[in-house]
Amino acid sequence: MSKQITGFSKLSKSNKIDWIVNTYFSNKEDAKNILKQYWNSNEKLQQLHDEFIENTITNYYLPLGVAPNFLINDKLHTIPMAIEESSVVAAASKAAKFWLDRGGFKATVISTTKVGHVHFIFSGNIEKLQRFFNEVKPKLIEDAKPITKNMEKRGGGILDIELKDKTSALPNYYQLHATFETKDAMGANFINSCLEQFAKTLKSEALNFEEFSNEEKAIEIIMSILSNYVPNCLVRAEVSCPIDKLSDSDDIDPEAFAKKFVQAVKIAEIEPYRAVTHNKGIMNGVDAVVLATGNDFRAVEAGVHAYASRNGNYSSLTHAKIENSIFYFWIELPLALGTVGGLTGLHPLVKLSLELLHHPSASELMEIVAVAGLAQNFAALRSLTTTGIQEGHMKMHLMNILNQFEATDAEKNKLIEHFKTHVVTHSAVVEAINKMRSGEF
């Protein structure tokens with residue numbers, strides 16, 4: 001029976017675990033052992049992980065794999081990917097090898113502008129508010145100088161602040177719409193600190209603005225927060241080759257494949273049901289690299305999917321065309337990433353991943369992540385339009401099924417060999433295991 005507890009956060013980790021297993025689990029020792037077996041034996045390293053979040057009870061492992069042979073802007077990369085889904089790393093690696101022989105990937109950062117808002121309520125004359133804003137804008141920037149001085153030394157800082165009238169959507173609602181450059185930092189803490197200072201200055205200066213009535217002076221700050229929608233923090237990745245170079249198999253006609261591939265992309269451009277799954281496959285590659293490099297994949301997901309809907313309908317993030325017998329395939333993604341700050345200087349595997357990537361700048365990491373998403377989408381569409389998605393995916397999933405049934409090494413070896421020439425389905429694997437264990441196989 002669940003029960004309420006007070007002061008849980010103040011308990012030691014050991015006491016937290018005792019309360020959890022005593023409250024929720026019938027086999028208390030098994031539950032406790034599972035939690036403890038994922039602790040790191042290095043106490044200092046475990047303490048580091050414990051302090052990333054609150055109420056930590058154990059570590060939750062994800063595999064960290066690598067996809068080699070990514071030629072990006074004529075530089076060879078092995079890309080780290082933290083993900084649990086089978087076939088993702090294999091698909092990325094296969095796409096990387098395919099394009100390695102066809103000139104590789106090209107990537108370009110289009111812009112790196114990030115956005116934040118002070119959301120506030122103002123009851124009064126919009127013309128007076130605009131005059132007040134014009135007068136106070138330099139002071140907004142000046143009062144934030146203690147926050148921005150270090151960022152400015154690195155070439156970043158506040159780019160602009162605008163007053164936005166949103167009263168047509170919500171009565172008396174206005175914004176300070178601020179844009180920022182944060183260089184190699186993702187910049188969330190920097191942006192939020194600036195915004196909170198803007199809010200303080202806005203509110204205090206309004207009290208001294210002579211044109212305002214008493215009611216107009218009482219500006220109400222609702223909140224000050226960055227936006228994870230970053231349509232002007234944009235990167236493009238692309239591949240291209242002559243159509244006759246688009247096949248590496250005698251079974252695939254390159255011209256027919258190219259036409260079918262382009263049609264598959266066009267379907268995702270106009271059909272939201274397809275676009276969601278299409279883009280989810282892109283994010284398999286994107287999220288895996290974002291997570292491996294200590295960035296916020298939830299923020300990236302939110303911003304990317306908003307971008308996919310920017311024209312009023314949810315649509316494909318990738319595009320393809322055939323022009324003058326050349327196949328073109330590209331993606332544009334909004335990505336707010338960092339290579340300094342946050343976990344990038346704390347988590348040992350994040351530091352290792354960034355070193356594996358030749359210590360990229362934030363812009364270079366944007367390019368690498370976009371390429372991973374494009375490669376993943378190419379691999380998925382190539383399978384979908386040729387052999388079908390299940391043939392490759394289920395063979396990669398075979399090991400998960402075998403592990404569910406605690407297959408021995410000998411059983412795994414025999415069944416892996418068997419399914420090289422048989423279709424992998426969950427029921428087929430279960431049937432084969434049962435036959436093997438009953439002596440019929």
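Strands S9 and S10 (residues 326–334) are paired in the antiparallel sense over six bridges, where strands are DSSP runs (E, at least two residues), helices are DSSP runs (H or I, at least four residues), and both are numbered from the N terminus. Two strands count as paired if DSSP finds at least two bridges between them. Within this pair, Ile322 stands opposite Phe327 of S10. The model is predicted, so local features need pLDDT of at least 70 and side-chain atom pairs count only at pLDDT 80 or more, while totals for chains, interfaces and linings use all residues. Residues are numbered from 1 along each chain as its sequence is written, and side-chain values use heavy atoms, with hydrogens and water left out.

S9 and S10 belong to an open sheet of four strands in the order S3-S8-S10-S9, with antiparallel pairing. Its edge strands are S3 (106–112) and S9, each of which pairs on one side only. From one strand to the next, the twist averages 20°. Helix H9 (residues 254–270) lies across S9 and S10 and runs at about 140° to S9. Helix H11 (residues 297–308) lies across S8 (233–242) and S10, at about 125° to S10. Axes are lines fitted to C-alpha atoms, for helices over the stretch in contact, and angles run from 0 to 180 degrees between N-to-C directions.

Thr318 lies in S9 (residues 318–323). This residue counts as buried because its relative accessibility is 0%; buried means under 20% relative accessible area, exposed over 50%, and partly exposed in between (1.4 Å probe, protein chains only). The side chains of Thr318 and Asn377 are joined by a polar contact of 2.7 Å. Such a contact is a pair of N or O atoms within 3.5 Å; within protein, one must be able to donate a hydrogen and the other to accept it, and residues adjacent in sequence count only if both atoms are side-chain atoms. Beyond its neighbours within four places in sequence, Thr318 is in contact with residues including Val265, His278, Phe329 and Leu374.

Strand S4 (residues 114–121) is largely enclosed by the rest of the structure, because seven of its eight residues are buried. S4 pairs with S6 (residues 173–181) in the antiparallel sense over eight bridges, and Val115 stands opposite Thr179 in S6. S4 and S7 (residues 220–226) also run antiparallel, joined by six bridges. The bridge partner of Gly116 in S7 is Leu226.

In helix H12 (residues 348–356), the residues Val350, Ser353 and Leu354 are buried. They lie on the same side of H12, because they cover an arc of only 95° around the axis, the arc being that of the directions from the helix axis to the C-beta atoms. The cover over the buried residues of H12 includes S1 (64–72), S2 (75–82) and helix H10 (272–292). Just after H12, His358 takes a positive phi of about 70°.

A nonpolar core is a set of buried Ala, Val, Leu, Ile, Met, Phe, Trp, Tyr and Cys residues joined through side-chain atoms within 4.5 Å. The largest has 95 residues, of which Phe70, Leu176, Phe198, Phe327, Phe329 and Leu335 touch the most other members. Helix H13 (residues 362–384) supplies the largest share of this core, twelve residues. Apart from it lies another core, of eleven residues, among them Phe419 and Ile433.

Key
Contact = heavy atoms within 4.5 Å.
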